[in-house]
Amino acid sequence: LMQLQLQRLVHRTSQQLTSLSTALQLLKRSATYSLIAVICAAYLVQMVVPSLQTQLMLPSFEYLKLTNEWYRLFTVALTHGGLLHLGFNMYSLMVLGNPLEEAFGKNKLFIVFFTSLLTGSLASSYFASVYSYSVGASGAVFGLFGALAIVGKRIGADIRSIVVIIGINFFIGFAMGGVDWRAHLGGLIGGVVAARLVMAKR
């Protein structure tokens, strides 16, 4: 009986190690899943150390100029206002990121994502009131929406559904209140510009 239990334990451990190895290989190959993993891991760390969020979220442009904490333009993507916010953004990142990664490749997807994140953060912080803060990766996600529209247009696909989805998301942002539509708009513009640039270099 003891030997049978040991065999089962070894077999289970082997399966877990194989699954872990497969997951690590997936993260290594995929920019999309790497981004999701990093953002989700950062959220878990902030659940354990809540004070960390205040060091990562995005303040106003005036605050950035006074403190020179420009890294916040990027670290804001590691912060979220709850599990629902995180889940929506990560699902959108997965749905949008995978086809774009197939179209652009890993490195160019990173370029589109971080360009969108930067332009979204700049728009958000520039128009923010002095004592306000923003959280989330929504600017980058809207940039991927814009990039997908550019790719669809290039290949002759009907992009009306993408435009409708973008419009609906903007409408929801205005209707709900408390949503940083400036970050969404800035990210969308950044995504469109970045997508055009990376496609021109192919």
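A nonpolar core is a set of buried Ala, Val, Leu, Ile, Met, Phe, Trp, Tyr and Cys residues joined through side-chain atoms within 4.5 Å. The exercises below use this term on a predicted model.

**Exercise 1. The overall make-up**

Describe the secondary structure of the protein and state what percentage of its residues is buried.

Solution. 
- Step 1. Count the elements: there are 10 helices and zero strands.
- Step 2. Write their order from the N terminus on: α-α-α-α-α-α-α-α-α-α.
- Step 3. Turn to burial: of the 202 residues in the protein, 39% are buried.
- Step 4. Look at the contacts with a separation of 6 or more: 76% of them join residues 24 or more positions apart.

**Exercise 2. The largest nonpolar core**

Find how many residues the largest nonpolar core has, and which elements give two or more residues to it.

Solution. 
- Step 1. The core has 38 residues. Those with the most contacts inside it are L93, L100, F104, V112, F113, L144 and I166.
- Step 2. Two or more residues come from each of α2 (31-48), α6, α7, α8, α9 and α10.
- Step 3. The largest share is that of α8, with nine residues.
- Step 4. Take L93 as one case. Not counting residues up to four places away in sequence, L93 touches T32, L35, I36, I39, N98, F113 and L144.

**Exercise 3. Helix α8**

Solution. 

**Exercise 4. Helix α10 and its packing**

Determine which helices the buried residues of α10 pack against, and describe how α7 crosses α10.

Solution. 
- Step 1. α10 covers residues 181-200, and its 20 residues reach 29 Å, close to the expected 28 Å.
- Step 2. Its buried residues are A183, H184, G186, G187, L188, G190, G191, A194, A195, V198 and M199.
- Step 3. These pack against α6 (83-104), α7 (106-127), α8 (138-154) and α9 (160-176).
- Step 4. For the pair α7 and α10, the axes come within 7 Å and cross at roughly 150°. The crossing is right-handed.
- Step 5. The residues of α7 in this contact include K108, V112, T115, T119, A123 and F127. On the α10 side, R182, G186, G190 and A194 are among them.

**Exercise 5. Aromatic pairs**

Give the number of aromatic pairs, then classify the pairs F61 with Y126 and Y63 with Y133.

Solution. 
- Step 1. The count comes to eight aromatic pairs.
- Step 2. F61 and Y126 lie 5.8 Å centre to centre with 65° between the planes, and the pair is edge-to-face.
- Step 3. F61 belongs to helix α4 (residues 61-67) and Y126 to helix α7, so the pair ties together parts 65 residues apart in sequence. Y126 is exposed, at a relative accessible area of 57%.
- Step 4. Y63 and Y133 have ring centres 6.3 Å apart and planes at 65°; planes over 60 degrees apart count as edge-to-face, so this pair is edge-to-face.
- Step 5. Y63 is in helix α4 and Y133 in the loop between α7 and α8, 70 residues apart. Y63 is partly exposed at 27%, and Y133 is partly exposed at 39%.
- Step 6. F61 and Y126 also belong to one aromatic cluster with W70 and F127.

**Exercise 6. Two single residues**

Locate H85 and N68, and decide whether each is buried, partly exposed or exposed.

Solution. 
- Step 1. H85 is in helix α6. Its relative accessible area is 24%, and H85 is partly exposed.
- Step 2. Beyond its neighbours within four places in sequence, H85 is in contact with H80, V135, G136 and S138.
- Step 3. A137 is 52 residues from H85 in sequence, with the C-alpha atoms 9.4 Å apart.
- Step 4. N68 lies in the loop between α4 and α5 (72-75). Its relative accessible area is 54%, and N68 is exposed.
- Step 5. Most residues other than glycine have a negative phi. The phi of N68, a residue other than glycine, is positive, near 60°.

Terms used: Residues are numbered from 1 along each chain as its sequence is written. This is a predicted model: local features need pLDDT of at least 70, side-chain atom pairs count only at pLDDT 80 or more; totals for chains, interfaces and linings use all residues. Side-chain values use heavy atoms; hydrogens and water are left out. Helices (H or I, at least four residues) and strands (E, at least two) are DSSP runs, numbered from the N terminus. The expected span of a helix is 1.5 Å times one less than its number of residues. Buried means under 20% relative accessible area, exposed over 50%, partly exposed in between (1.4 Å probe, protein chains only). Contact means heavy atoms within 4.5 Å. Rings of Phe, Tyr and Trp (its six-membered ring) pair if their centres lie within 6.5 Å; planes under 30 degrees apart count as stacked, over 60 as edge-to-face and the rest as tilted. Axes are lines fitted to C-alpha atoms, for helices over the stretch in contact, and angles run from 0 to 180 degrees between N-to-C directions. A crossing is left-handed if the near helix is turned anticlockwise from the far one by less than a right angle, and right-handed if clockwise.
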